[in-house]
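Hi everyone, thanks for coming. Let me put the structure on the screen, and then we can walk through it together.

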Amino acid sequence: MSDDHEHNFETADAGASQTYPMQCSALRKNGHVVIKNRPCKIVEMSTSKTGKHGHAKVHLVGTDIFTGRKYEDLCPSTHNMNVPNVNRQDYALLNIDDGYLSLMLPDGSTKDDVKLPEGELGTKLEEEFDEGKELVVSVVSAMGEEHCLSFKEAPK
């Protein structure tokens, strides 16, 4: 084997996986699971016992944590399913510019890549920011996606 192959690594991370496996029977309501490659919060769960030689099956209903869309899956209770690593972080809102939020990180630098949420949440956020209120936004990240899911007025 020759060593003339050139490796080019554009990006690197800390090695943390976006998901981890968990046995289907160990999942719980209000927990998280990946259904159809989307990070979901489990809203409904039921286990059905099957025939003489079959496996018990778990019926999962989850809502996408970013879009709110409903997903369903059926999985044998002994099989593994992926669970997303969900991270929630609060940031001080500095500015809203061109559909993006400018947020202050704990080290004082800024983060400018989170989109202003669509719909009612985004409208309310802009209104309260324009009124001069100091706001703290909660950004949830999972599987390489980030979204602002809520906000509140900063404590004085």
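Let's start at Leu 105, which sits in the loop between S8 and S9. What you see is a predicted model, in which local features need pLDDT of at least 70 and side-chain atom pairs count only at pLDDT 80 or more, while totals for chains, interfaces and linings use all residues. Residues are numbered from 1 along each chain as its sequence is written, and side-chain values use heavy atoms, with hydrogens and water left out.

For reference, buried means under 20% relative accessible area, exposed means over 50%, and partly exposed is in between, with a 1.4 Å probe and protein chains only.

Which residues does Leu 105 touch, leaving aside its neighbours within four places in sequence? They are Tyr 91, Thr 110 and Lys 111, where contact means heavy atoms within 4.5 Å. Asp 90 is 15 residues away from Leu 105 in sequence, and their C-alpha atoms are 8.9 Å apart.

Now the strands on either side of that loop. S8 covers residues 100-104 and S9 covers residues 110-115; they run antiparallel and are joined by four bridges. Two strands pair if DSSP finds at least two bridges between them. Met 104 has Thr 110 in S9 as its bridge partner. Five residues lie between the strands of this hairpin, and Gly 108 there takes a positive phi near 95°.

Stepping back, the chain has one helix and 11 strands. These are DSSP runs numbered from the N terminus: H or I of at least four residues for helices, E of at least two for strands. In sequence order the pattern reads β-β-β-β-β-β-β-β-β-α-β-β. The helix, H1, spans residues 119-130, and after H1 comes Gly 132, with a positive phi near 90°. Of the 156 residues in the chain, 29% are buried.

Last stop, the largest pocket. Where is its centre? Lys 115, Leu 116, Pro 117, Glu 118 and His 147 lie nearest to it, among 15 lining residues. A pocket here is an open set of points on a 1 Å grid over the protein atoms alone, where a 1.4 Å probe fits, with protein on both sides within 12 Å along at least five of seven lines; lining residues have an atom within 4 Å of a point. S11 gives the largest share of that lining, four residues. Thanks, and happy to chat!

Definitions and conventions. Expected span 1.5 Å × (residues − 1).
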